[in-house]
Amino acid sequence: MATSKANLVFLVIIFIASLKHFTVTSFKYEVGNTNGWVVPASNDSKVYNKWASDNRFKIGDTIYFKYQKDSVMLVTEDEYKQCNTTQPIFFGNNGNTEFSFDRSGSYYFISGVSGHCEKGQKMIVRVLVDDGTTSSGHSGSTSKHGLSAVVFVLQLVVLSIGSLLF
Ligand SMILES: *[C@@H]1O[C@H](CO)[C@@H](O)[C@H](O)[C@H]1NC(C)=O
Ligand SMILES: *[C@@H]1O[C@H](CO)[C@@H](O)[C@H](O)[C@H]1NC(C)=O
């Protein structure tokens with residue numbers, strides 16, 4: 001019985017978490033883990049792209065770069081590949097740079113300090129479309145998905161209550 005009670009608690013938590021998922025609209029992510037935005041260690045040059053691919057960014061989300069004596073630039077894909085810092089689309093160098101995603105697709109960030117991008121201080125962020133509130137063409141199917149997920153979790157909760165009673 002203890003396990004099914006634990007199950008129930010677990011499912012209720014999932015249920016509440018999933019409700020929250022459908023109502024929370026934006027998140028703020030701090031780039032990197034503890035180090036912030038720095039030149040990565042030579043054995044860890046993919047650290048930022050790994051960090052970015054571990055997160056699911058949506059339109060409206062914000063990323064936050066924390067750094068010292070450095071800078072952050074948004075550039076095009078070609079400029080990213082070449083570490084070309086001559087014409088950034090966006091530039092910040094005050095140590096605390098926030099950037100909000102206003103469209104889906106890829107964003108290319110590099111350090112503006114000479115040599116840093118070449119050492120791996122660069123990152124591609126891919127922003128998803130599946131927010132539901134921002135994509136006009138797909139909003140219908142997106143909210144249907146959301147609803148069926150809620151219904152599915154509700155069924156699990158009911159089943160679990162059943163197993164608790166019998
Ligand atoms: C890189 O090297 C440092 C020190 O040599 C080590 O502590 C760290 O775990 C290494 N990181 C990776 C990703 O291998
Ligand atoms: C850097 O980018 C700018 C703007 O896109 C371009 O005009 C320039 O030729 C590029 N420089 C190099 C070395 O690729």
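The following points comment on a predicted model of a chain and the surroundings of one of its ligands.

1. Overall composition. The chain contains four helices and eight strands.

2. Of the 166 residues in the chain, 16% are buried. When contacts between residues at least 6 apart in sequence are considered, 73% of them join residues at least 24 apart.

3. Three strands form an open sheet in the order 1-3-6, and their pairing is mixed. Strand 1 (28-30) and strand 6 (96-100) are the edge strands, each of them pairing on one side only. From one strand to the next, the twist averages 20°.

4. Pairing of strands 3 and 6. Strand 3, which covers residues 62-66, pairs with strand 6 in the antiparallel sense, and five bridges connect the two. Within this part of the sheet, Ile63 has Phe99 of strand 6 as its bridge partner.

5. Surroundings of ligand 2. Which residues surround ligand 2? They are Glu79, Gln82, Asn84, Thr86 and Gln87. By class, the shell around ligand 2 holds four polar residues and one charged residue, with no nonpolar residue.

Note on methods: Residues numbered from 1 in each chain as written. Chains lettered and ligands numbered in written order. Predicted model: local features only at pLDDT ≥ 70, side-chain atom pairs only at ≥ 80, totals over all residues. Near = placed C-beta within 6 Å. Nonpolar A, V, L, I, M, F, W, Y, C, P; charged D, E, K, R; others polar. Pairing = 2+ DSSP bridges. Axes fitted to C-alpha atoms, helices over the stretch in contact; angles between N-to-C directions. Buried ≥ 20, exposed ≤ 12 C-beta atoms within 10 Å, placed from the backbone. Contact = placed C-beta atoms within 7 Å.
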